[in-house]
Amino acid sequence: MPASPSTARAINDRLALRLLQQQGSLTAGQLKQLTGLSRPTVADLVERLTDAGLIAVVGEAGEQRRGPNAKLYGIVADRAHLAALDVRTEGVSVIVSDLVGTVLAEASAPIGDDTGTGPAVEQAVALVERVVKEAGADRLHTVGIGAPGLIDPASGELRDSTGLPEWHRSLVAALQERLPEARVIVENETNLAALAEQRDGVAADRDTFVLLWLGHGTGAAVVLDGALRRGASGGTGEIGFLPVPGTTGLPSAVDCEGGFHSLAGSAAIVELARSFGLLVQDASAPEPLAAGVVGRAAALVAGNTETGVGTAAGVGTVTADSPPDRDAQAASADRFLDTLADHLAVGAASVVAILDPGCVVLGGEVGQAGGEVLAARVEERVRRMSPLATVVRPSGLGGAAVLRGALLTARDAAQDELFAPPDR
């Protein structure tokens, strides 16, 4: 059946707004060419969107051109302000952006293990309020939060999870109370990282892939046919609990020790590095120490004489106990990366055997630090263990993927609401 006039107008308006969001400012003539709509129809939609305060004239297409077709239209970016939070066990990072995703202000703050729930929540909320003020925003339209743990698929709430700070769940409620006009969306951090890699990272060419999160802990995100899969209880990708060979026991319902986490978590990676004579010297770094040791080892193996791979992000330096010469250090780093690849391949091959994703992204700070050196080793081992063709890629965004994914989620939700027809 043909669409009603009001439905057709809504479809055309959303199409034009998406084009302006994806490509930036456009003239009416360019909108006509890109949409295939008639000139009068484009003129009508431009007038509607301008009257609604969603688009405005932002310039002209050329100095020599005059008339309505020369006007450049763009989305009114300050129509809404958004916030994104990356909530970790050790702190919070916040960014505030406009409606099109331009970052206006950002900040991070550590929260110590010994900080009580109330003070921790107050620190995090105060950080959000400070960043909002620095961004010049009067209020927030949508807040996207990335956090470790399970998200209830029915309610969208962060569930109680063993081993995670109590202030995580309290923070969500506190933000909703302090920002009553804002919509607050919570999503698992690994799922957000996969969204960011799919939209802006190394999985942009893939409709189906798995992201293996390697940071302080472990996790996985599953994207099949372009859609993120969360599972019946929101637990798809809890790969830290996967029973695997090479551990001293089995995981339990309340503790992932003995599972894949025991091989691939940050503490396990650092301990493995020490067994090969590699030492992390800076124990006060905010990022997982594993990222530092893996980055430096990859640089040594690649013949890079710079220390920036493992130290630029503030995760410390790596040295060797003995012998002190560089060749011996590189040999130790090579054996360390081989063994780490063995461990990671066990988890990756298990996922490949069930899902056949065709692509595994080594995400998080550790995946990014290992780069192609580590990814190639994991891919070679998965190829030996599985008949299913699988490429393994290092993260292009690393730990920043969570914050990026949270912002994309907030932006999509805000635009869906603001770009919707009034009678929806």
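Which residue in β7 does Leu-85 stand opposite? In this predicted model, Leu-85 stands opposite Ile-145, and the two strands β4 (residues 81-88) and β7 (residues 142-147) run parallel, joined by five bridges. Strands β4 and β7 belong to an open sheet of five strands, ordered β6-β5-β4-β7-β8, in which the pairing is mixed. The edges of the sheet are formed by β6 (103-110) and β8 (183-188), each of which pairs on one side only, and from one strand to the next the twist averages 15°. Helix α5 (residues 167-178) packs on this sheet, where it touches β4, β5 (91-98), β7 and β8, and the direction of α5 makes about 165° with that of β4.

Within α3, Val-42, Leu-45, Val-46 and Leu-49 are buried, that is, under 20% relative accessible area. Because the buried residues fall within an arc of 105° when α3 is seen down its axis, they line one face of the helix. In general, an α-helix has 3.6 residues a turn, so residues three or four places apart point the same way. The elements covering the buried residues of α3 include α1 (5-23), α2 (28-35), β2 (55-60) and β3 (71-75), whereas Pro-40 and Asp-51, on the other side of α3, are exposed. Just after α3, Gly-53 adopts a positive phi of about 80°.

Methods: Residues numbered from 1 in each chain as written. Predicted model: local features only at pLDDT ≥ 70, side-chain atom pairs only at ≥ 80, totals over all residues. Heavy atoms only, no water. Buried < 20%, exposed > 50% of the residue type's maximum accessible area, 1.4 Å probe, protein only. Helix = DSSP H or I, 4+ residues; strand = E, 2+ residues; numbered from the N terminus. Arc of directions from axis to C-beta. Contact = heavy atoms within 4.5 Å. Pairing = 2+ DSSP bridges. Axes fitted to C-alpha atoms, helices over the stretch in contact; angles between N-to-C directions.
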